[in-house]
Protein chains: 2
Amino acid sequence: MKLREIFATNLRRMRHASGLSQEELAHRAGINRNYVGLLERAANSPTLDTIERLAEELGVAPARFFDDQADH
Amino acid sequence: MKLREIFATNLRRMRHASGLSQEELAHRAGINRNYVGLLERAANSPTLDTIERLAEELGVAPARFFDDQADH
């Protein structure tokens, strides 16, 4: 699986676990709501700065976005 | 330490470990040589796609770029 798809899967999973909507997460992270949707569909490649903001708002280590569930 | 700086430190460390120059790594990863220098100075925020290409060329898991040596 490509890294974008791994990131997308983890972002959606961790956002659901946090109980936040795409809109709420986007607002907290200071990014566009539609952009969260694009990222969760692996339709865009986020920058490191965006990855950091999303990790902070979700309360996870940035490296967790790269966990490949297929490995487990 | 901010994630950009952690990434920059790890990129430089892993590039040195691989024995590649900035120019060689840039060529292999299909990115601009000057851009590798910018990333190693934490002066730019790479995209996920660029992080993936650099990890592939360096033969490391992408999550290794986020290892915080200060934690160890």
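Predicted model: local features only at pLDDT ≥ 70, side-chain atom pairs only at ≥ 80, totals over all residues.
Which helix gives the largest share of the lining of the largest pocket?

The interface comes first. Chain A places 15 residues in contact with 15 residues of chain B. About 1,500 Å² is buried between chain A and chain B, and carbon and sulfur atoms account for 64% of that area. On the chain A side, 41% of the area buried against chain B comes from A:Leu3, A:Leu48 and A:Phe66, more than from any other three residues.

Charged and polar groups also meet here. There are four salt bridges between chain A and chain B. A:Arg4 forms a salt bridge with B:Asp49, with 2.6 Å between the closest N and O atoms. Ten residue pairs are in polar contact across the interface of the two chains. Helix H1 (3–18) and helix H4 (48–58) of chain A each supply at least two residues of the side that touches chain B, and H4(A) gives the most, with five residues. That side of chain A consists of eight nonpolar, two polar and five charged residues.

The largest pocket has a volume of about 160 Å³. Its lining has 13 residues, and those closest to the centre are A:Leu3, A:Ile6, A:Phe66, B:Ala61 and B:Pro62. H1 of chain A and helix H4 (48–58) of chain B each supply at least two residues of the lining. The largest share, three residues, comes from H4(B). By class, the lining of the largest pocket has eight nonpolar, no polar and five charged residues.

Note on methods:
Residues numbered from 1 in each chain as written. Chains lettered and ligands numbered in written order. Heavy atoms only, no water. Contact = heavy atoms within 4.5 Å. Buried area = accessible area lost by both parts, 1.4 Å probe. Salt bridge = Lys/Arg side-chain N within 4 Å of Asp/Glu carboxyl O. Polar contact = N/O pair within 3.5 Å; in protein donor to acceptor, adjacent residues only side chain to side chain. Helix = DSSP H or I, 4+ residues; strand = E, 2+ residues; numbered from the N terminus. Nonpolar A, V, L, I, M, F, W, Y, C, P; charged D, E, K, R; others polar. 1 Å grid on protein atoms, 1.4 Å probe; cavity = no way out; pocket = protein on both sides within 12 Å on 5 of 7 lines; lining within 4 Å. Points joined across faces, edges and corners; volume = space filled by probe spheres on them.
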